[in-house]
Amino acid sequence: MVSFIESASARYYVSVTLDGQTKYSSHSTITFNVTAGTYNYSITPISGYSVMPSSGTITITSNNLQVQVTFKSLPSPPTTSPTPPSSPQPPKPINVFITPLTAVILVALIVIVLILIMRRKTYGSKVSSA
């Protein structure tokens, strides 16, 4: 007889395969009734845990062989979601608002043009009346 014994105090659902025969249990011990000989075994833990040893070969020479099994919690995967790729930004619109400096320059040009037009009219009328 060979027993696989969980060394932790908590009970995990586990399967043990010994020489092609699989047993499942949520108890701390899984026992196989086998005769003396050499056997291959493998242990499959529940998701999120590793188990040591996970497989091996045992030689049974007498009754009541025990294999100690230890479970270890695996680290949790990161919980952050991946950052989606950034989409191209649309081009910024051209600013159509006139800045104060541009407004002052524009008003000054209009005034200069009006003064030149008025002078031309005044100068033109003096020349024609002479």
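Let's start with the sheet that holds strand E1. Four strands make an open sheet here, in the order E4-E1-E8-E6, and the pairing is mixed. Keep in mind that this is a predicted model.

Which strands stand at the edges of this sheet? They are E4 and strand E6, residues 49-52. Each has a single partner strand, so one side of each is left without a neighbour in the sheet. From one strand to the next, the twist averages 20°.

Now look inside that sheet. E1 pairs with strand E8, residues 65-73, in the parallel sense, over five bridges. Find Phe4 there: its bridge partner in E8 is Val67. Hold on to Phe4, please. We will come back to that residue.

Next, the other sheet. Again four strands form an open sheet, this time in the order E3-E2-E5-E7, with antiparallel pairing. At the edges stand strand E3 (21-25) and strand E7 (55-60). Each of these has a single partner strand, so one side of each lacks a neighbour in the sheet. The twist averages 25° from one strand to the next.

Take E5 and E7. Strand E5 covers residues 37-44, and six bridges join E5 to E7, running antiparallel. Ser42 stands opposite Ser55 in E7.

As a reminder, strands of a sheet pair through backbone hydrogen bonds, either parallel or antiparallel.

On to the aromatic rings. How many aromatic pairs does a search of the whole structure find? Two. One is Phe4 with Phe32, and that pair is edge-to-face, at 6.0 Å centre to centre with 85° between the planes. Where do these residues lie? Phe4 is in strand E1, residues 2-6, and Phe32 is in strand E4, residues 29-32. The pair therefore ties together parts that are 28 residues apart in sequence. Buried or exposed? Both Phe4 and Phe32 are buried.

Then there is Phe4 with Tyr41. Their ring centres are 5.2 Å apart and their planes sit at 55°, so this pair is tilted. For the reasoning: over 60 degrees would count as edge-to-face, and under 30 as stacked. This pair links distant parts of the chain, with Phe4 in strand E1 and Tyr41 in strand E5, 37 residues apart. Both Phe4 and Tyr41 are buried.

Phe4, Phe32 and Tyr41 form one aromatic cluster.

Which residue lies over the face of Phe32? It is Lys23, at 5.0 Å from the ring centre.

Conventions:
Residues are numbered from 1 along each chain as its sequence is written. This is a predicted model: local features need pLDDT of at least 70, side-chain atom pairs count only at pLDDT 80 or more; totals for chains, interfaces and linings use all residues. Side-chain values use heavy atoms; hydrogens and water are left out. Two strands pair if DSSP finds at least two bridges between them. Helices (H or I, at least four residues) and strands (E, at least two) are DSSP runs, numbered from the N terminus. Axes are lines fitted to C-alpha atoms, for helices over the stretch in contact, and angles run from 0 to 180 degrees between N-to-C directions. Rings of Phe, Tyr and Trp (its six-membered ring) pair if their centres lie within 6.5 Å; planes under 30 degrees apart count as stacked, over 60 as edge-to-face and the rest as tilted. Buried means under 20% relative accessible area, exposed over 50%, partly exposed in between (1.4 Å probe, protein chains only). A charge sits over a ring if NZ of Lys or CZ of Arg is within 6 Å of the ring centre and within 35 degrees of the ring normal.
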